[in-house]
Amino acid sequence: MSKPFDIELERLTDPAVYSEGLSASTGRRGTFFMETFGCQMNDHDSEKVAGLLLSRGYQQVETPEAASMILYNTCSIREKAAQKVFSRLGEFREKQNEGKVIGVLGCVAQQEGEDIFKRAPWVSLVCGSASYSKLPEMLARLEARNTRVTGLDTDTDETFETPVTRRDNPWRAYLTIIEGCDKACSYCVVPFTRGPERSRASDSILKEVRQLAELGYSEVQLLGQTVNSYADPTSRGMRFSELLLAVAEVQGIRRVRFTTSHPSEFTPDIVEAIEREPKVCDHVHLPVQSGSTRVLRAMQRTYSREEYLEKIAMIRGAKRAIGITTDIIVGFPGETEAEFEETLSLLDEVQYDSMFSFKYSPRPNTPSLSMSDSISEEEKGRRLAALQDKQREIQAVKHAQMVGERFEVLVSGKSRRENQWTGYTTSHRMINFTSQERELLGTYVQVKVTGATPNGSVGEHVNNPGRP
């Protein structure tokens with residue numbers, strides 16, 4: 001990962017100036033270590049939290065042993081993620097007298113609330129994502145030796161407005177444009193942990209995009225649990241597709257991405273925006289979760305298999321080829337072998353570019369808890385392996401079809417091996433490639449694909465780098 005950039009978007013363009021300003025204005029208060037679990041929204045939330053801590057004079061360190069404050073930004077979508085958090089907390093059971101401040105942030109914090117103090121009495125801070133804007137006052141209370149501090153609001157627009165964001169990538173920036181979810185899928189804890197849908201004002205989003213462009217960011221990714229449910233709360237009433245085009249119009253922005261979309265609200269105007277504006281990336285992440293209409297109904301997903309495939313046909317029918325990725329859950333309560341086979345056949349029909357797949361696990365405060373989870377873990381594992389094998393076969397063919405083609409990639413990584421680089425196409429396909437150039441990170445280059453593996457593509461740089 002690149003060295004973090006510390007940026008106050010209102011007034012700062014130089015990390016060094018920012019660092020000096022912290023020392024002069026606030027003094028050093030201590031050190032912090034933060035570990036993040038979960039999705040890109042969690043990653044971006046951690047950027048916000050880190051920015052607030054840095055603005056108060058804290059220094060970030062690489063290990064919990066070196067930190068006076070240890071924060072875990074958590075995800076509760078999958079059971080294993082939540083278990084991992086409590087495992088981390090357990091490591092401090094025998095170290096309670098070391099004087100460290102331990103905090104739990106994010107979805108597990110919202111899900112478990114003050115019960116975390118019962119399970120791990122050495123924890124001092126429990127704070128959900130909607131309360132991050134109140135972190136300065138919570139930190140002040142901790143600094144004043146208040147032993148337990150909580151922030152557990154879920155229905156506030158203040159979640160969008162944090163004054164300082166520490167960004168981990170100097171070329172690509174995340175922006176949350178909608179928080180929470182109103183969909184109430186029977187397996188999903190998000191409505192409980194992040195609250196109802198709240199959209200950020202379009203003028204606030206565009207102002208931040210302009211600031212990011214001035215700071216040298218060329219790619220932005222708009223985030224939301226259901227990002228295409230965006231509803232501009234201002235009198236402008238901008239639709240999601242209009243917001244995509246407005247972001248693309250900002251001078252200096254070269255790529256606009258978005259995730260995650262909900263199938264029920266994926267409308268033709270979004271495809272039209274991708275067709276119309278090359279800066280809007282030709283990639284749609286459209287979670288299906290199951291290929292069986294009956295299972296989708298039990299999941300409360302608000303669409304059938306046939307309706308989902310209509311959305312896929314709409315995307316495939318675009319004048320510009322659009323990459324499609326998805327999420328799938330296997331082993332949902334009551335899923336029969338025949339219904340699982342329907343999911344396998346959906347992969348054959350859609351031909352996804354890639355897929356995130358999971359075994360069903362019951363989550364607190366969700367309707368599926370009352371369903372009989374009679375499918376064994378062994379059987380869930382078998383189905384997951386079969387699903388992933390099927391997707392690997394599809395991807396191997398897709399990668400082979402790319403051989404001989406040229407793509408523009410944003411160079412995002414350098415291998416330890418000499419002359420080896422990594423970049424992403426606009427459709428979010430990763431290509432490992434060779435180049436004799438020395439300074440490519442953050443540039444856009446043309447790469448010719450020369451070979452393929454089941455997991456990716458390899459290529460060679462075929463022209464001089466173009467800088468954003």
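**A colleague's note on this predicted model**

1. Asp269 sits in helix α10; helices (H or I, at least four residues) and strands (E, at least two) are DSSP runs, numbered from the N terminus. Leaving aside neighbours within four places in sequence, Asp269 is in contact with Arg239 and Ser241, where contact means heavy atoms within 4.5 Å. The C-alpha atoms of Asp269 and Glu242 are separated by 8.7 Å, and these two residues are 27 apart along the chain.

2. A word on the ground rules. This is a predicted model, in which local features need pLDDT of at least 70 and side-chain atom pairs count only at pLDDT 80 or more, while totals for chains, interfaces and linings use all residues. Residues are numbered from 1 along each chain as its sequence is written, and side-chain values use heavy atoms, with hydrogens and water left out.

3. Now the whole chain. The secondary structure comes to 14 helices and 21 strands. Of the 468 residues, 56% count as buried. Take the contacts between residues at least 6 apart in sequence: 73% of them join residues at least 24 apart. The chain exposes about 20,100 Å², and carbon and sulfur atoms supply 46% of that area; accessible areas come from the Shrake-Rupley method with a 1.4 Å probe, and for residues only the protein chains shown count as cover.

4. Back to helix α10, which covers residues 268-276. Which of its residues are buried? They are Asp269, Ile270, Val271, Ala273 and Ile274. The buried residues of α10 pack against α9 (240-248), β13, β14 (283-285) and α12 (305-316).

5. Strand β13 also belongs to a sheet that you can trace by eye. This open sheet of 3 strands has the order β9-β12-β13, with parallel pairing; two strands pair if DSSP finds at least two bridges between them. Its edge strands are β9 (172-176) and β13 (255-259), each pairing on one side only. On average, neighbouring strands of this sheet are turned by 20° against each other, direction ignored. For such angles, axes are lines fitted to C-alpha atoms, for helices over the stretch in contact, and angles run from 0 to 180 degrees between N-to-C directions.

6. Look at one pairing in that sheet. Strands β9 and β12 (residues 219-223) run parallel and are joined by 5 bridges. Thr176 stands opposite Leu223 in β12. Helix α2 (residues 40-55) lies across β9, β12 and β13, running at about 95° to β9.

7. Next, empty space. Rolling a probe the size of a water molecule over the atoms shows where empty space is left. On a 1 Å grid over the protein atoms alone, a cavity is a set of points where a 1.4 Å probe fits but cannot get out, a pocket is an open set with protein on both sides within 12 Å along at least five of seven lines, and lining residues have an atom within 4 Å of a point. Grid points are joined across faces, edges and corners, and a volume is the space filled by probe spheres set on the points. How many cavities of 30 Å³ or more are there? The count comes to 1. The largest cavity has a volume of about 30 Å³, and its lining includes Val49, Leu53 and Met69. Helix α2, β4 (69-74) and α6 each supply at least two of the lining residues of this cavity.

8. The second largest pocket holds about 420 Å³ of space. It is lined by 22 residues, and the closest to its centre are Gly99, Lys100, Val101, Ile102 and Ser124. At least two lining residues come from each of β5 (101-105), β6 and α6. In the loop between β6 (123-127) and α6 (135-143) you will find Ser131. Is Ser131 buried or exposed? Ser131 counts as buried because its relative accessibility is 1%.

9. Finally, some backbone details. Most residues other than glycine have a negative phi, and most peptide bonds are trans. A cis peptide bond joins Thr259 and Thr260, with omega about 0°, and Thr260 is in the loop between β13 and α10. Gln300 has a positive phi, near 60°, and is found in the loop between α11 (293-299) and α12. Asn419 has a positive phi of about 65° and lies in the loop between β17 (406-414) and β18 (420-424).

Note on methods. Buried means under 20% relative accessible area, exposed over 50%, partly exposed in between (1.4 Å probe, protein chains only).
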